[in-house]
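Subject: A structure for you to explore

Hello,

Here is the structure I promised to pass on to you.

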Amino acid sequence: GLIVRERRSSVDCLTLKKSNCKNCYKCIRYCPVKSIRFSGNQAYIIGNECIMCGQCFVVCPQDAKQIVDETEKVKVLLQEGNPVVVSLAPSFVANYEGVGIRAMKEALKKLGFYDAEETAVGATIVKNAYEEKLREQTQDVLISSCCHSVNLLIQKYFPEQLPNLADVLSPMQAHCQDIKQRIPNARTVFVGPCVAKKDEAQYYEGIVDAVLTFDELTAWLKAENVELEKQTDVDENSRARLFPTVGGILETMTEKPEGYTYMAVDVENCMAALKDIAAGKIHRCFVEMSACVGSCIGGPVMEKFHRTPVKDYLAVVRFAGKRDFSVKQPDAHELHKNFIPIARRLRPPTETEITEILRQMGKTKPSDELNCGSCGYDTCREKAIAVYHGKAEITMCLPYLEERAESFSDTVVRNTPNGLFVLNEKLEVQQINRAALKIMNLRDSSDVLGDGVVRIMDPKDFLQVLHTGRNIHNKRIYLAEYDKYVEETVLYDREYRLLVCILRDVTAEEIQREQKDRISRQTAEIADKVVDKQMRIVQEIASLLGETAAETKIALSKLKESISNDENL
């Protein structure tokens with residue numbers, strides 16, 4: 001029977017390699033329900049919000065999202081001795097080009113499986129159950145329940161629509177249940193393009209014992225050197241092979257009771273349709289829903305490696321027959337599947353709380369809310385709500401970070417006492433601050449921006465740095481045109497191909513130094529005059545006293561030298 005155990009986190013089937021997460025927010029942009037949390041520059045999947053669509057796995061550029069591999073689990077099943085039968089999703093014909101069911105059976109038996117059958121057999125059973133429900137005319141709206149991601153979407157985000165969800169097993173479950181009824185002690189393994197099936201098999205125990213994705217099977221076949229033969233099968237009794245395409249359920253149905261409208265929707269259109277149903281805008285309708293673009297042939301594992309929706313669709317259509325598989329239809333109660341709401345426990349923030357978070361993001365008025373989507377959320381308000389719920393960080397806002405960085409750098413550049421300007425490799429002025437304008441007696445930056453530096457300075461030093469790659473540091477030069485002395489530093493940024501010039505105005509220092517030099521020279525001249533005068537007096541005295549003038553001259557010369565040294569200090 002169907003055993004439903006306690007709901008576990010969907011994270012069990014999807015894991016994250018933290019070291020690979022590069023903080024690009026691509027996964028949150030593509031997640032239809034935004035069930036990803038960012039903390040410490042790392043992405044985390046929120047299990048009780050995730051619908052297991054696998055889009056984060058598909059779009060991650062760093063392969064940071066990984067699907068839990070059940071290959072070893074299946075190998076253990078094979079070793080137990082019971083017959084292990086594969087239920088092979090009908091999309092296999094698109095994944096393995098030119099390979100039919102007989103070739104797949106032969107390859108799987110080489111791996112140790114007892115047998116392999118098409119899940120399309122279960123799809124036929126499910127299709128019959130849908131037709132019976134429509135014939136009863138008891139439901140206003142009936143939503144297909146084949147896609148586990150759609151089921152999770154309704155259970156978690158639209159629980160009020162659960163009465164409209166067909167309470168029927170999925171084709172995977174119906175087929176595996178049928179296998180176990182026909183083959184004593186059989187164990188079942190589903191192989192397909194879907195991550196959600198792993199969660200479905202774990203949650204509803206007793207039907208599907210393990211789930212492999214196509215890439216897991218491909219890796220196993222390669223490891224065992226098992227080649228898939230290129231041979232297709234002709235089977236007119238195989239219309240249910242259309243199930244993995246958009247509208248495939250509708251195509252398979254042999255009778256569509258009158259009074260209903262029949263439609264097929266995928267991805268975001270599912271959410272739009274559910275909102276319309278909730279608003280009472282849709283009545284007397286059968287809605288086929290799938291979470292992937294193109295339905296199962298656009299599944300996350302296939303899309304990761306193939307991305308050929310038209311070719312895949314044609315492969316499935318050409319493989320499908322015109323009539324139904326011959327199946328033994330179980331009683332309705334054997335196919336019954338119970339769906340219960342899955343609480344997410346998120347309290348919506350108040351308008352005041354949203355406004356405060358927007359303020360922290362630098363958005364104080366509606367025009368500040370750019371809704372650029374760079375953070376992964378469609379609007380700034382959605383991002384603010386995610387911040388409130390602890391799913392996002394304020395710093396995830398690219399315009400906010402850019403504005404903050406520019407504001408900080410502009411503050412530094414604007415208020416530094418040193419002149420600063422930036423040139424491109426053509427030596428054209430790209431940026432200039434107030435201090436540089438003052439040094440060069442310029443009224444406004446617009447007077448020089450975009451012009452060659454030759455207009456304001458001799459370009460010789462800039463050409464030297466550009467050609468040699470060697471920076472200039474603290475070179476003292478005189479700007480005759482501005483009557484200014486400056487210490488010039490010229491730096492070349494190879495990454496951004498820019499030249500940065502820093503000018504420290506040392507005019508006052510230079511004037512003060514010249515004044516000191518002038519005073520020193522004047523002092524030395526006065527000392528010379530004093531020495532000469534004293535020499536004459538001393539010589540006269542010496543001649544009278546009979547002393548030698550030479551000793552007195554030496555003493556006075558030393559006195560002069562001492563005076564000059566004191567002045568220089």
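Predicted model: local features only at pLDDT ≥ 70, side-chain atom pairs only at ≥ 80, totals over all residues.

**A buried aspartate**

Let's begin with D233. You will find D233 in the loop between α10 (214-223) and α11 (248-252). Is D233 buried or exposed? Its relative accessibility is 8%, and buried means under 20%, so D233 counts as buried.

**Salt bridges**

How many salt bridges does a search of the whole structure find? The search gives 33. Here are some to look up:

- K75 and E72: the closest N and O atoms of this salt bridge are 3.7 Å apart. Both residues lie in helix α3 (residues 71-79), three residues apart, which is about one turn of the helix. K75 is partly exposed, at 26% relative accessibility, whereas E72 is exposed, at 53%.
- K197 and E200: here the closest N and O atoms are 2.9 Å apart. These two are separated by about one helical turn because they sit three residues apart in helix α9 (residues 196-203). K197 and E200 are both buried.
- R455 and D451: the closest N and O atoms of this salt bridge are 2.4 Å apart. R455 is partly exposed, with 43% relative accessibility, and D451 is partly exposed too, with 27%.

There is also a network of salt bridges for you to trace. It links R476, E487, R504, E509, E510, R513 and D517.

Finally, have a look at V310, Y313, L314 and V317. Together they make a nonpolar surface patch of about 330 Å². One of them, V317, is found in helix α14 (residues 309-319). V317 has a relative accessible area of 33%, so V317 is partly exposed.

Enjoy exploring, and write back with any questions!

Best wishes

Technical notes:
Residues numbered from 1 in each chain as written. Heavy atoms only, no water. Helix = DSSP H or I, 4+ residues; strand = E, 2+ residues; numbered from the N terminus. Buried < 20%, exposed > 50% of the residue type's maximum accessible area, 1.4 Å probe, protein only. Patch = residues over 30% accessible without salt bridge, like charges linked within 9 Å, V, L, I, M, F, W, Y side chains within 5 Å. Areas by Shrake-Rupley, 256 points an atom, 1.4 Å probe, with all protein chains shown as cover. Salt bridge = Lys/Arg side-chain N within 4 Å of Asp/Glu carboxyl O.
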